[in-house]
Amino acid sequence: METNWIQLKNAVKGENYEERYAALVTIKDSIIGSNKQKSLLISHELVPDIIQVCCEDNTTNKIEALIIIGSLAKGTKTHVKILVETYNIISILKKELTIENNNMVCVEICLSALCSISEHDYVTAEQFFGDDVSISHFLALTSFMGNSLKSQIYITTILCSLCQSKKDQLSFLNAGIIPILTRIISMENEPVQIPALRCLCCMCFANRSVSDIICVTSFQGKSLTDILNCLMSRSFSPNIQLGAARCMTYIYRSGTLPSTDLRILHRTLPCLVRLCSEDYRQEIRASAAETLAILIEVDAKLQQIAAICNHLLKSLFQLIKINEPHVKQAALKCLAALGANDETIRKKIIDINSLVDGILQSLNDWESQVRIASIRCLHSLSRSVQQLRTTFQDHSIWEPLIFIMNNEASTDFLIAVTATICNLLLEFSPSKTPLIGSGIIEKLCQFTEHEHPSLRLNSIWALMNLTYQSDDSTKTNVINTIGIRRILDCLNDSNPLIVLKSLGLLRNILSEAHQIDPIMSMHAKEINDSLYVILDSATSAGIKEQALCVIGGVAAESHQKDYIINDERLLKLIGELLFHPDKRIQAGSLYVISSIVHRKDIWSDKSSLRLTNLNVLRNVQELNKTTENVQISNDYISRTLKQIVVKCKSMYPDITN
C-alpha cells in the first residue's frame, strides 16, 4: 500500500494528538529498513515537522518522532548529510542530553541517533561539540547515566568515531576522558568495555603525550596498563583481549613503553599471535594480524619472537587463502612486517608451499588495498639477496610490478611498486637487465618530478642502485634521460633523504674519468656550487659526508682539468671542515685532500701553492699534531693524515715546515 505523505504531513502538523501519534507510527513503520521511503519522507519536507514534535512536551509523540529521526540517521550518506547540514540535527538531539532529563528512553534514542551520525567521516568533533565545555558536559553523562549500559556504549562509540586527529585527542584529553575510560574499562561488562577499549585505542594512536598519561593513570589502586595487561588473559573474550592488545600496541609504538617491557614481550605479542590462529573468528584473526604487524614493524627482536610463536606463519598463510579483502590484507601486512629485517624469517616465509603464488595471486585482487599489501609484502621479501637471485627470478616478479606501474595511476600503488623495484635494480639482481629493457629508466626519471616526496625518493634511490658499478651504456642512458640539472634540482629537495640519495646517484655517475670529464667540462660550476651550498649549510653530517665523497671522486679520477683545485671557494671550505667535530666530515675532507695530493698527473707547483695559500696543508699539519697526542678512534683519519703529511714533505719540503 502506497504511503500518503501529504495526509501524514497534515496529521503531524495538526493539533489532534491521537491522529498525530497514529501518523508518526505509520511513518516510523514505513521508513524502517527502506531508504527509498526515507528519501520520500525528506522530499515531502516532513523532517521539520518531525523535529517540531521532538521539541514538544508530549513524551509519547516525542519518542516516536525521535525514533523516526534515528531511523533517518541510519539511512544513506545523503540522508544523514541533509539532517546535519540542513536541519542542524546534532544540536537538536544534544538538547535532550541533559543531566536533568529523567526520561532515559528519549536519551538513549538520541544517543543512538548521534552514534549513527558520528560514523560518517564528514562529521567532525569540532562540528559535533563546538568547544571543550560541550565535550566535558558530554563526558559527564557517563557518570550520571551509569545505570544505563546502552548510554555508556553509545557515548564511548561516539567518542571513538569522532577522535580522528591529534587535535581531537588533545581536546578529549583536556576534557578528562582518560579517567572516565579507565572506569568503564574496569566495569567487567563486555558490551561496555569493548567500545571503551576502542576509544582508548583512538586516543593513544601515534600520540606520545596521551600514552604517557595512560601509563600513570590508575583506578582503585591498579594502573591502567596493568588493567589492560590482565584483560589480555585467555579468561576474557577474544574481543576484550584484542582491544586491550591494540591499546598496548599503540602505547608501545608511541614511544612510551620500550619493546623490552614484559607487558609487550610476554603478554601483548603472544596474545596477538594466539588470536591469529584458526581457533578464532575471521574478523578477530584479521584484526589481530593487522595489529601484530604494527607491533613488530620496527623491532627486529619482536619479529624474531613472533616468527617462532604458535605456528604464526601457518596461520597467516591460511588467512591469505580466505577470499575476504580485509583478511587477506591483514595477513599480507603481517608477513611484510615479519620479513622486514631478518633473512632467516624471509626464508621461512618463502619455504611455505605456494605462499609466493598466493602473494602473486593477490596482486590481481579486485580490492586495491589487498594489491598494495601484496606489493609491500614482496618489497619486504626483496630485501633478501638470496631471494632476489632465486624466488624473484624463478617467478619473474618484475613483470607484474611493471604492469602495475604502467597501468595504475594511484600514487599509493606507484610508491609501493617503486620501493620494490628499487631492490630489484641492485647490482646482483637478475631482474636488473629485463627491467632496464622494459623502459624502467624513463619511468623512474619521470617520477623524480612527482609531487609526492615518497615517490620522488623511491625513484632517485632506484636510479642510484641502478647506476652503481653499472656499464657505460646504462649510465649514459640515465644521464641522457634525467639530465644533470634535474639531479642538481633534487639536491635542493626539502626531504633530506632525497638529497642523500641524489648525492649517491651523482657519485655513481661521476665515478670514472671517461664519465667525469664530459659532465664536469659542461657542468663543473653548477655541480661545485650545489655541493658548496650543501657543505656550508646546517644539513646533516651524513649528507655532507656524501657530498665530500662526490668531490673526492672527481678530484681522484678527472683527467682533463683540475675541477676541484681550481675552485678556491670550495677548496678553502674543505680545509676548514678538517676541524669539524663530526668524524665523518673530517674523514670526508681528508679523502678529498688525499685524492688531490696523491695525483701525480695534476700535482704541480701551482697546485701545491694553492693548497698552501688557502691554508689547506697548514690545517692538515695542525690536525695531525693534535691527533698525535690524542688517542683517535677513527683509524682512517689518523692513517690518512700521516700519508698526506709524508707525501707533502717528500715532494715540497719548503711549504710544509
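The axes of α5 (residues 59–73) and α6 (residues 77–85) come within 8 Å and cross at roughly 125°, where axes are lines fitted to C-alpha atoms over the stretch in contact and angles run from 0 to 180 degrees between N-to-C directions. Ile69, Leu72 and Ala73 of α5 make the contact with His79, Val80 and Leu83 of α6, contact being heavy atoms within 4.5 Å. Five of these residues are nonpolar, one is polar and none is charged. Helices are DSSP runs (H or I, at least four residues), numbered from the N terminus.

The model is predicted, with pLDDT of at least 70 needed for local features and 80 or more for side-chain atom pairs, while totals for chains, interfaces and linings use all residues. Residues are numbered from 1 along each chain, and side-chain values use heavy atoms, without hydrogens and water.

The lining of the largest pocket comprises 18 residues, with Glu297, Ala336, Arg376, His379 and Arg383 nearest its centre; a pocket is an open set of points on a 1 Å grid where a 1.4 Å probe fits, with protein on both sides within 12 Å along at least five of seven lines, and lining residues have an atom within 4 Å of a point. At least two lining residues come from each of α19 (282–296), α22 (325–338), α25 (368–381), α29 (411–424) and α32 (453–467), and α25 gives the most, with four. By class, the lining has nine nonpolar, four polar and five charged residues.

Notes. Ala, Val, Leu, Ile, Met, Phe, Trp, Tyr, Cys and Pro count as nonpolar, Asp, Glu, Lys and Arg as charged, and the others, Gly among them, as polar.
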